[in-house]
Amino acid sequence: MLFSNLGYYALISGLFFSIILIPIAYRDLNFINHSVNSNILKIVFLQLFSVLLSFISLVISFINSDFSNETVYKNSHTAKPLFYKISGTWGNHEGSLLLCLLVLILFIFIFLLTSKNEPKKYKIFTLLFQQIIIIGFFLFLLITSNPFNYLFPIPVEGLGLNPILQDPILAIHPPILYLGYIGSSIIFSSALAAIMQNYVDKEWAKNLKSWVIVSWIFLTIGIMLGSIWAYYELGWGGFWFWDPVENISLMPWICLTALIHSIIVLEKRSLLASWTIILSIAVFTLSMCGTFLVRSGILNSVHTFANDPQRGIFILIFLFILILISLFVFFIFYQPKKEEQKNYLFSKETSILLNNWFMMYFLSVILIGTVYPIFLEVIANEKISVGPPFYNKLIIPFLIPFLIFMTIGPNMKWIKDNFNLINIKLILLFIISVLLSYLILNKIGLNGLFTTILIGTALYLFFITTKDFFIKKQINLSQKISHFGFSLLVLSIVLNGIFSSEIITNIKVGEKYKFKNGSIYFEKINNSKKKNYLSVVGTFKIQEDNNKAVFLKPELRIFNQPAIVTSEADIKISLYSDKFLVMNLVKGDDYYNIRYQKKPLMIWIWLSTILLVSGGLINFFNRK
Amino acid sequence: MKKKFFLLVIIIFVIICFVILFKGLNKSTTYVPDGISGKKLISFDAKKLFNNDEINSDLFFVGNKFYLLNIWASWCGPCRAEHEILMQLSNNPSIKIIGLNYKDDLINAKKFINELGNPYSEILIDEDGTIAIALGAYGVPETLIINKNKIILKKFIGPLNSQSIKEINSLLK
């Protein structure tokens with residue numbers, strides 16, 4: 001009660017600071033002095049402090065299980081472990097928005113602190129644009145999603161946190177993802193500010209690059225955690241499902257990845273300035289678009305937040321205001337500098353541009369696949385669902401040239417290079433890779449020209465990036481690690497996709513199911529009462545080929561608050577392959593439905609993503 | 001000039017997107033399985049909970065304008081939660097509520113009714129779950145809204161809530 005009030009008024013005072021900040025900052029634009037008025041930084045700090053206070057109040061309300069607070073009542077329960085009480089703070093719509101707001105203000109504060117040598121007006125414009133976003137979030141919170149609504153009479157018990165969200169990985173997945181999404185707000189604001197100040201040049205690119213990399217790192221980790229969660233907790237038996245919400249996080253990621261590359265061209269060669277600006281604006285717009293699609297309930301997905309059209313309308317209007325502001329600024333104020341530098345066909349610049357084109361192609365495929373069903377339903381009243389086949393068909397064929405260009409591009413020189421890069425050794429290596437892939441496929445009894453070339457190209461990229469490690473000519477370690485990580489990622493995903501196998505059957509205790517070269521035996525079932533759920537654990541003995549038998553113990557958790565059954569897969573992880581078993585209830589029967597999967601190289605998907613991120617981290621810490 | 005034209009085109013495109021998404025927001029995304037709504041209710045035989053008479057469903061769905069068939073069980077937590085809503089609905093004279101007790105212990109089922117009140121004008125029992133399967137139920141609780149011609153108007157999967165009450169009331173008009 002006390003903390004709810006404190007949190008609410010702290011939030012309102014945060015909005016108040018925004019309102020007084022705008023005229024002060026605007027006035028400061030006209031003063032000639034070189035540094036930003038020190039009061040501005042103080043006000044931003046106060047704003048940060050009030051929102052932090054508000055956030056902490058909400059956390060405390062969750063810890064104390066203060067059910068007079070509506071958000072706590074709806075998302076918590078006294079029987080929940082402390083850790084999940086805390087993570088419950090951002091596991092719901094209201095709390096997560098408050099966290100977003102906190103991050104928005106934190107980032108602009110850090111931006112103002114760290115950008116000492118940049119032009120004053122540019123900094124102030126960035127602050128102003130960022131404050132527009134911040135005010136939008138404040139209004140959204142206070143008008144439609146107040147986290148501090150008061151309930152009377154005070155309920156004795158809360159409704160509980162959705163059990164599938166009670167997972168340690170998921171407790172940190174949202175905040176990290178938000179850091180990535182919201183990090184891109186700084187890119188957006190500073191791009192608009194750079195346009196206003198005609199500051200779109202090498203210096204700007206150099207300074208902005210670290211923000212791009214930070215957002216990219218958080219977004220990559222966030223997506224990876226989400227995908228690990230889907231694999232281990234949801235028991236979906238895979239790591240990527242082209243679910244709309246997954247796509248929504250992938251779109252800004254692709255855009256950021258393109259931006260990382262194009263901003264280097266701007267920094268080194270003063271080329272691609274307009275393109276970099278467009279990407280910078282697009283990243284945040286895509287993030288907001290994602291927020292709209294997830295929070296408005298317009299999509300049906302696992303990530304269903306509260307389904308409230310009023311919220312949807314608010315975000316929609318806010319999103320389009322942002323789009324219109326950026327269009328207005330871009331078309332009215334942007335004066336492209338004459339690009340004096342000539343761009344040659346065989347140069348690093350061109351190869352990066354090519355990379356960007358591919359990225360944009362992948363991005364548009366995903367965008368269309370995600371948004372088109374909504375448009376079609378409104379226009380033609382027809383329901384369609386776009387699934388993996390659509391994405392696979394449109395993306396995989398283009399992956400082959402993309403991977404081939406990726407072996408060549410990074411080794412090209414800036415400005416101008418020649419054909420010498422493509423020499424007989426590399427062609428030989430490519431042929432060897434394709435042959436190798438043919439042999440691998442042949443051994444398993446699969447064939448097909450397309451798959452052979454796909455695996456061959458992935459292998460080829462893998463060999464090239466490995467080779468690049470041992471060439472001391474260039475010192476760009478971060479790029480080598482990230483590219484190596486990416487090649488490993490592609491290789492693991494492709495092999496995993498092709499060699500995964502799956503068995504689905506209904507089985508009861510004491511039964512044995514035989515398949516091609518092995519068997520599954522259902523030994524026993526154990527029930528036990530846990531703190532806030534009933535646990536049902538099955539024991540399965542799996543005998544394959546002539547290997548030692550493996551025991552897998554998948555679990556069903558039957559929760560009472562709210563009443564939900566979740567299934568926990570049991571997974572035996574090894575370097576080569578994961579064995580994955582999940583069971584489900586069959587209504588009113590002694591039978592359980594089981595799904596047994598062998599997933600080769602799963603662990604390498606996570607490891608390679610970690611490599612990808614480490615490349616980014618090295619770049620970030622090495623930037624001086 | 002070219003720039004302004006370009007801006008205009010983009011703005012028009014953006015506005016179209018806005019309108020479409022805005023309209024999309026007001027569409028209901030609740031998923032109703034195909035082939036249930038609009039179909040005629042099957043006829044089945046069932047025993048009554050309180051006096052064990054066997055009766056054919058055709059004799060049941062007679063004389064009222066609307067029927068609500070609720071599949072429930074005493075062992076099902078969400079059924080307990082939705083019971084309050086059914087009690088409220090039972091005050092509405094234009095709808096007759098029929099319960100189908102699914103795979104339950106009859107003593108527990110009677111206890112459940114005695115404890116929480118009886119919103120049903122009649123309770124049928126489905127001891128082995130076959131009727132529920134024939135009705136296309138996925139689990140308990142589930143609720144069918146049926147009109148006087150025995151056409152299924154709507155199916156609610158999971159417990160009823162205040163939102164579903166609104167939907168039911170709009171169906172009854």
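Predicted model: local features only at pLDDT ≥ 70, side-chain atom pairs only at ≥ 80, totals over all residues.

In what order do the four strands of the open sheet in chain A lie, and is their pairing parallel or antiparallel?

Modeller: Now, your sheet. Its four strands lie in the order 1-10-9-8, and the pairing is antiparallel. At the edges you'll find strand 1 (501-507) and strand 8 (570-572) of chain A, each of which pairs on one side only. Going from one strand to the next, the twist averages 15°.

Zoom in on strand 9 (residues 577-585) and strand 10 (residues 592-600) of chain A. This antiparallel pair is held by nine bridges. To see one of them, find Lys579(A): its bridge partner in strand 10 of chain A is Lys598(A).

Strand 4 (residues 533-544) of chain A runs antiparallel to strand 6 (residues 555-559) of chain A, and five bridges link them. Look for Tyr533(A), which sits opposite Phe559(A) in strand 6 of chain A. Strand 6 of chain A is also joined by five bridges to strand 7 (residues 564-568) of chain A, again running antiparallel. There, Arg557(A) stands opposite Thr566(A) in strand 7 of chain A.

Let's step back to the whole chain. Chain A comes to 17 helices and 10 strands. Its radius of gyration is 27 Å, close to the 25 Å that the globule rule gives for 624 residues, so chain A is as compact as a globular protein of that length. The C-alpha atoms fill a box of roughly 85 × 80 × 50 Å along the principal axes. As for burial, 43% of the 624 residues count as buried. Take the contacts in chain A with a separation of 6 or more: 72% of them are between residues 24 or more positions apart.

Now for some helices. Two packed helices are described by the angle between their axes and the distance between the axes. For helix 12 (residues 348-380) and helix 13 (residues 388-408) of chain A, the axes come within 10 Å and cross at roughly 170°. Angles over 145 degrees count as roughly antiparallel, and that is why helix 12 and helix 13 of chain A get that description. The residues making the contact include Leu354(A), Phe358(A) and Phe362(A) from helix 12 of chain A, and Leu394(A), Phe398(A) and Phe402(A) from helix 13 of chain A. The contact between these helices divides into 13 nonpolar residues, two polar and no charged.

One loop residue in chain A is worth a click. Asn198(A) has a positive phi of about 50° although it isn't a glycine. You'll find Asn198(A) in the loop between helix 7 (168-196) and helix 8 (202-232) of chain A. With 13 C-beta neighbours inside 10 Å, Asn198(A) counts as partly exposed.

How about chain B? Its secondary structure comes to six helices and seven strands. The radius of gyration of chain B is 22 Å, well over the 16 Å from the globule rule for 173 residues, so chain B is more spread out than a compact globule. Its C-alpha atoms fill a box of roughly 85 × 30 × 30 Å along the principal axes, and buried residues make up 31% of the 173.

Chain B has an open sheet too: seven strands in the order 2-1-5-4-3-6-7, with mixed pairing. Strand 2 (54-56) and strand 7 (152-157) of chain B stand at the edges with a single partner strand each, so one side of each has no neighbour in the sheet. Here the twist averages 30° from one strand to the next. Helix 6 (residues 162-172) of chain B lies across strand 3 (66-72), strand 4, strand 6 (142-147) and strand 7 of chain B, at about 175° to strand 7.

Last stop: Lys150(B), in the loop between strand 6 and strand 7 of chain B. Phi of Lys150(B) is near 60°, a positive value in a residue other than glycine.

Terms used: Residues numbered from 1 in each chain as written. Chains lettered and ligands numbered in written order. Pairing = 2+ DSSP bridges. Helix = DSSP H or I, 4+ residues; strand = E, 2+ residues; numbered from the N terminus. Axes fitted to C-alpha atoms, helices over the stretch in contact; angles between N-to-C directions. Contact = placed C-beta atoms within 7 Å. Rg over C-alpha atoms; globule rule 2.2 N^0.38 Å. Buried ≥ 20, exposed ≤ 12 C-beta atoms within 10 Å, placed from the backbone. Parallel < 35°, antiparallel > 145°, perpendicular 65-115°, else oblique. Nonpolar A, V, L, I, M, F, W, Y, C, P; charged D, E, K, R; others polar.
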